[in-house]
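Q: Could you walk me through how to read a protein model, one feature at a time? I would like the general idea, then the case shown here.

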Amino acid sequence: MKRVFFVDFDGTITKVDVCAAMVEAFAGDGWREINDLWEKKLLSTRDCANMTFKLFRVGLKEIKSLIEKIEIDEYFQEFLALCRNQDYKVHILSDGYDFCIETFFKKYGINVSYYANRLVYNDGFEVDTPYHNPACGQCGTCKKSLMSKLRENAEEIIFIGDGYSDTCPAQNADFVFAKGVLYNFCLEKGVRVQHYDSFKDIIHRVTPESRLG
Ligand SMILES: [Mg+2]
Ligand SMILES: [Zn+2]
């Protein structure tokens, strides 16, 4: 079966949310208020990120060393191997930052396609959103519009995620593996979903023969 997996990064592939860890470690007072507005969808990701990074008192070097301490889901690489063997496409869709994903994947020797916001440092941080969708206005990386572009001729679209930026794309998938706030959201909205704790649960459920959705 032609399958495509769209996978969130923060808190899904990583054990903790890298963005949250960064903010907790490096941002000065005021980030919680900004984050609350973003969770309520009163701020776009781009505005939220640029406001939050103004509160940072460190550079890329400190961010890199924090990321290198973050752990990976122990079964993620096995999941990628399964997808390679079965010829399933995998795309990472993240409303976090390219710099974090690159640093993390380099550490683990992972090579997989990803779409994320761009984080640049030039005498202060700046966030750019190359996968922004004007019709959406909310997301930095609009996962929903990337999914419709990248699905090609797949027969089954599977989304894997955990958080607020996953609620919209999850509703556009045939099947969802979820944890955290995304799981409850899917239950409430009647989205076909299975809870997972680690990619081990996903590996066990995905069989080449039968559809999930
Ligand atoms: Mg996440
Ligand atoms: Zn969007």
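Q: Is Asp123 exposed or buried?
A: The general idea is to count neighbours: a residue is buried if 20 or more other C-beta atoms lie within 10 Å of its own, exposed if 12 or fewer, and partly exposed in between, with C-beta atoms placed from the backbone. Asp123 has 6 other C-beta atoms within 10 Å, so it is exposed. Please keep in mind that this is a predicted model, in which local features need pLDDT of at least 70, side-chain atom pairs count only at pLDDT 80 or more, and totals for chains, interfaces and linings use all residues. Residues are numbered from 1 along each chain as its sequence is written, while chains are lettered from A and ligands numbered from 1 in the order in which they are written.

Q: Where is Asp123 found?
A: First, the labels: helices (H or I, at least four residues) and strands (E, at least two) are DSSP runs, numbered from the N terminus. Asp123 is found in the loop that links E3 and E4. Those two strands form a hairpin with 3 residues between them, and there Asp123 takes a positive phi near 60°. That is a positive value in a residue other than glycine.

Q: Which other residue has a positive phi although it is not a glycine?
A: Take a look at Glu152, whose phi is about 50°. Glu152 sits in the loop between helix H7 (143–150) and strand E5 (156–161). With 8 other C-beta atoms within 10 Å, Glu152 counts as exposed.

Q: What order do the strands of the open sheet have?
A: The order is E4-E3-E2-E1-E5-E6-E7, an open sheet of 7 strands with mixed pairing. At the edges are strand E4 (125–128) and strand E7 (193–195), each of which pairs on one side only. For angles, axes are lines fitted to C-alpha atoms, for helices over the stretch in contact, and the angles run from 0 to 180 degrees between N-to-C directions. Ignoring direction, neighbouring strands of this sheet are turned by 20° against each other on average.

Q: Which strands does E5 pair with, and in what sense?
A: Strand E1 (residues 3–7) pairs with E5 in the parallel sense over 5 bridges, and 4 bridges join E5 to E6, also running parallel. You can follow Ile158 of E5 both ways: Phe5 stands opposite Ile158, and Ile158 in turn stands opposite Phe175 in E6. E5 is mostly covered, with 5 of its 6 residues buried. In a regular strand the side chains alternate between the two faces of the sheet.

Q: How do E6 and E7 pair?
A: Strand E6 (residues 175–178) and E7 pair in the parallel sense over 3 bridges. Here Phe177 stands opposite Gln194 in E7.

Q: At what angle do H4 and H6 pack?
A: Helix H4 (residues 60–67) and helix H6 (residues 98–108) pack at about 50°, with their axes 9 Å apart. Angles under 35 degrees count as roughly parallel, over 145 as roughly antiparallel, 65 to 115 as roughly perpendicular and the rest as oblique. H4 and H6 are therefore oblique to each other. Two residues are in contact if their C-beta atoms, placed from the backbone, lie within 7 Å. Leu60, Lys64 and Ile67 of H4 make the contact with Phe99, Cys100, Thr103 and Phe104 of H6.

Q: Which residues of H1 and H4 meet?
A: Val18, Ala21, Met22, Ala25 and Phe26 in H1 meet Glu62, Ile63, Leu66 and Ile67 in H4. Helix H1 (residues 18–26) and H4 pack at an angle of about 125°, their axes 11 Å apart, which makes H1 oblique to H4.

Note on methods
Two strands pair if DSSP finds at least two bridges between them.
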